[in-house]
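Look at the sequence and the model below, and keep both in view while you read. The paragraphs take up one topic at a time.

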Amino acid sequence: MNSLKIKKGTSRKSAYDLRSPNQDINETHTITVLVDNEAGVLARVIGLFSSRGYNIESLTVSEVDRVGKLSRITIVTSGKPSVIIQIKAQLARIIPVYEVHDLTIEGPSVEREMALLKVRGHGKKRVEALRLADIFRAKVVDSTLESFIFEITGVTEKINKFSELMEPLGLVEIARTGVVGMGRGTNTS
């Protein structure tokens, strides 16, 4: 412990990366990659992960600059700190990659995911599903006599909890976008 009473490795959003790359614990990181919007770029990025046995927990891609023809890839991955360092270094070496940012350690960031959940139910289960949706601020985007489709946006943990609570009420299908994120303030990521 230092004089600030910060335990080494506990500050996820610290200005200083206090974690040792030699730790044995797996960490989850959100990495954004700015790339050329051209055929084959996504395949090369994904190929880097699959050829080395790295896991992708979430992947989103979209064009972010039509004039400059740039796309942003957001990847949620996990591994030991040394593996995360290696992933970022290898991503930066791919030719059409302009920027690689690790939102987990570069400072405050905003991360969100969107999901659609189809819940089938009647009577009390239907009323309970609507009550829970209101608590979680989920919107009803489609309704029939037999089912609802809810839209929910938030952090991954919120969506996981909402879907867990909907299971006994008749959850039949779920579609998720994956995580998107960006650094807060004037920094670019």
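The structure holds 4 aromatic pairs. Rings of Phe, Tyr and Trp (for Trp, its six-membered ring) pair if their centres lie within 6.5 Å; planes under 30 degrees apart count as stacked, over 60 as edge-to-face, and the rest as tilted. F136 and F162 form a tilted pair, with 5.2 Å from centre to centre and 50 degrees between the planes. This pair links distant parts of the chain, 26 residues apart: F136 sits in the loop between helix 3 (124-135) and strand 6 (139-143), and F162 sits in helix 4 (residues 156-166). Helices (H or I, at least four residues) and strands (E, at least two) are DSSP runs, numbered from the N terminus. Both F136 and F162 are buried. Buried means under 20% relative accessible area, exposed means over 50%, and partly exposed lies in between (1.4 Å probe, protein chains only).

The pair of F148 and F150 is also described as tilted, because the ring centres are 5.5 Å apart and the planes stand at 35 degrees. F148 counts as buried because its relative accessibility is 6%. F150 has a relative accessible area of 0%, so F150 is buried. F136, F148, F150 and F162 form one aromatic cluster.

A note on the source is needed here. This is a predicted model, in which local features need pLDDT of at least 70 and side-chain atom pairs count only at pLDDT 80 or more, while totals for chains, interfaces and linings use all residues. Residues are numbered from 1 along each chain as its sequence is written, and side-chain values use heavy atoms, with hydrogens and water left out.

Now take the chain as a whole. The secondary structure of the protein chain comes to 4 helices and 9 strands. Read from the N terminus on, the elements run β-α-β-β-α-β-β-α-β-β-α-β-β. The protein chain has 189 residues, of which 38% count as buried.

Some of the strands come together in a sheet. Strands of a sheet pair through backbone hydrogen bonds, either parallel or antiparallel. Here an open sheet of 4 strands has the order 2-3-1-4, with antiparallel pairing. Strand 2 (56-65) and strand 4 (97-102) are the edge strands, each pairing on one side only. Two strands pair if DSSP finds at least two bridges between them. Strand 1 (residues 27-36) and strand 3 (residues 70-79) pair in the antiparallel sense over 10 bridges. Which residue in strand 3 is the bridge partner of T28? The partner is S78.

Strand 2 also holds V61. L42, L59 and V61 form a nonpolar patch on the surface, with about 210 Å² of accessible area together. Patches are made of residues with over 30% relative accessible area and no salt bridge; like charges are joined within 9 Å, and nonpolar side chains (Val, Leu, Ile, Met, Phe, Trp, Tyr) within 5 Å. Accessible areas come from the Shrake-Rupley method with a 1.4 Å probe; for residues, only the protein chains shown count as cover.

The last topic is charge. Side chains of opposite charge can pair when their charged atoms come close. A salt bridge is a side-chain nitrogen of Lys or Arg within 4 Å of a carboxyl oxygen of Asp or Glu. By this rule the count comes to 7 salt bridges. One of them joins the side chains of E63 and R66 at 3.4 Å, N to O. E63 counts as partly exposed because its relative accessibility is 31%, whereas R66, at 69%, counts as exposed.

Another salt bridge joins E128 and R131 at 2.7 Å, N to O. Both residues lie in helix 3, 3 residues apart, which is about one turn of the helix. E128 is partly exposed at 26% relative accessible area, and R131 is partly exposed at 44%.

The side chains of E151 and K139 also meet in a salt bridge, at 3.5 Å, N to O. E151 lies in strand 7 (residues 147-154) and K139 in strand 6, so this pair ties together parts that are 12 residues apart in sequence. E151 is partly exposed, with a relative accessible area of 23%.
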